[in-house]
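User: I am new to this structure and would be grateful for a close look at a single part of it. Please give one connected account.

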Amino acid sequence: MIVRSRIVGCGSYLPSRLVTNDDLTKIVDTSDEWIVERSGIRQRHLAAEGETTSDLATAAALQALERAGIKGSDVDLIVLGTATPDHTFPATATKVQARIGMTGGAAFDVQAVCSGFIYALAIADNFIRTGQAKTAVVIGAETFSRILDWSDRTSCVLFGDGAGAVVLRAGEGEGTSRDRGILSTHLHSDGRHHDLLLVDGGPSSTQTVGHIRMAGREVFRHAIANLSSVVGEALAANGLGAADIDWVVPHQANQRILEGTAKKLGLSMERMVGTLDRHANTSAASVPLALAEAVGDGRIKEGQLVLLEAMGGGFTWGAGLVRM
Ligand code: UT7
């Protein structure tokens, strides 16, 4: 028998303020038609004044814990993927730790931008499989509205705020792809593309918070190739094929990236969970938000094979295969 990390609860939180594409036409020279056609986005949720990443993360974590029937005091690890922490330090995860009533174990942030949740999940899975943690909360939470340049139409229309979380618990498996739990995770980065998607500020470089700068077309070009490659790697590692996947829960950056990846892998769009139209790109939050939605409405069922994948600044990209 081997140790497997099981997903025993999912949670999410979206700020109540809704901003439509039409609302954005009052701020920048854009149109609902352009945004829908080029990205698939129709609206996004934005955090209220004073609402922080830790507020969103805590709400998602508490919902995931409640659904798992686990108390915060029983958690021994929090890994939080975010590129928009409350403060430069300490980690936003430590704020969440205090607010869920967890007094032991360890809580820290992971910085892999849009791949943040996949990175956080891989780290927590490795902690559980080596016996260093038993019950982990893995969170993706962002307030990208705080780092958008609201005068740059090429980026400000694409992002939203939100948070998603899962509770992982150590379980047992036989070491086959029929086991319930995380079957494998696969992470990559390539720092040569650092400047194609970045925030042009930071404590050590400019002593400012900075704004998102993205070479959209270049990022787009790499996204489909990198995502298809890491999905192929995840399937091969488990002796599985695309036909075995019940659901893909992809990072939600662009509808055309979802379609391009599905086509390259020979997957039907009906098996891709999509939230892009309603949430926009919520960076590290998009995968756990979509997962919580599809588990919550009964699409994703126990025993099904779910593929999680994401790509973001760095570049970073990764995938995880999970039997629910
Ligand atoms: O989550 C992390 C990963 N991020 C991504 O994966 C994002 C990847 N990239 C993309 O999703 C797409 O490249 C975008 C949605 C960002 C842009 O779509 P595109 O089809 O690559 O458009 P483009 O950047 O080539 O721009 C086409 C035209 C330009 O005008 P010209 O130069 O052809 O006259 C832009 O100025 O569209 C113009 N444009 C806009 N027009 C109206 C750019 N933004 C807007 C806008 N409204 N908001």
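How many Å apart do the C-alpha centres of domain 1 and domain 2 lie?

Analyst: The C-alpha centres of domain 1 and domain 2 lie 14 Å apart. The model is predicted, so local features need pLDDT of at least 70 and side-chain atom pairs count only at pLDDT 80 or more, while totals for chains, interfaces and linings use all residues. Residues are numbered from 1 along each chain as its sequence is written, and side-chain values use heavy atoms, with hydrogens and water left out.

The protein chain is assigned domain 1 (2-173) and domain 2 (181-323); such bounds come from an automatic or database domain assignment. Between the two, 51 residues of domain 1 are in contact with 46 residues of domain 2, where contact means heavy atoms within 4.5 Å. The size of an interface is often given as the accessible area lost when the parts come together. Here about 3800 Å² is buried between domain 1 and domain 2, and carbon and sulfur atoms give 67% of that area. Buried area is the accessible area (1.4 Å probe) that two parts lose on being put together, summed over both.

The second largest pocket lies between these domains, because domain 1 and domain 2 both give residues to its lining. A pocket is an open set of points on a 1 Å grid over the protein atoms alone, where a 1.4 Å probe fits, with protein on both sides within 12 Å along at least five of seven lines; lining residues have an atom within 4 Å of a point. The space in the second largest pocket is about 260 Å³, a volume being the space filled by probe spheres set on the points, which are joined across faces, edges and corners.

Of the 14 residues that line the second largest pocket, Ile-7, Val-8, Gly-9, Val-295 and Met-324 lie nearest its centre. Both β1 (2-13) and α10 (286-296) supply at least two residues of this lining, and β1 gives the most, with five residues. Helices (H or I, at least four residues) and strands (E, at least two) are DSSP runs, numbered from the N terminus. By class, the lining of the second largest pocket holds seven nonpolar, two polar and five charged residues. Ala, Val, Leu, Ile, Met, Phe, Trp, Tyr, Cys and Pro count as nonpolar, Asp, Glu, Lys and Arg as charged, and the others, Gly among them, as polar.
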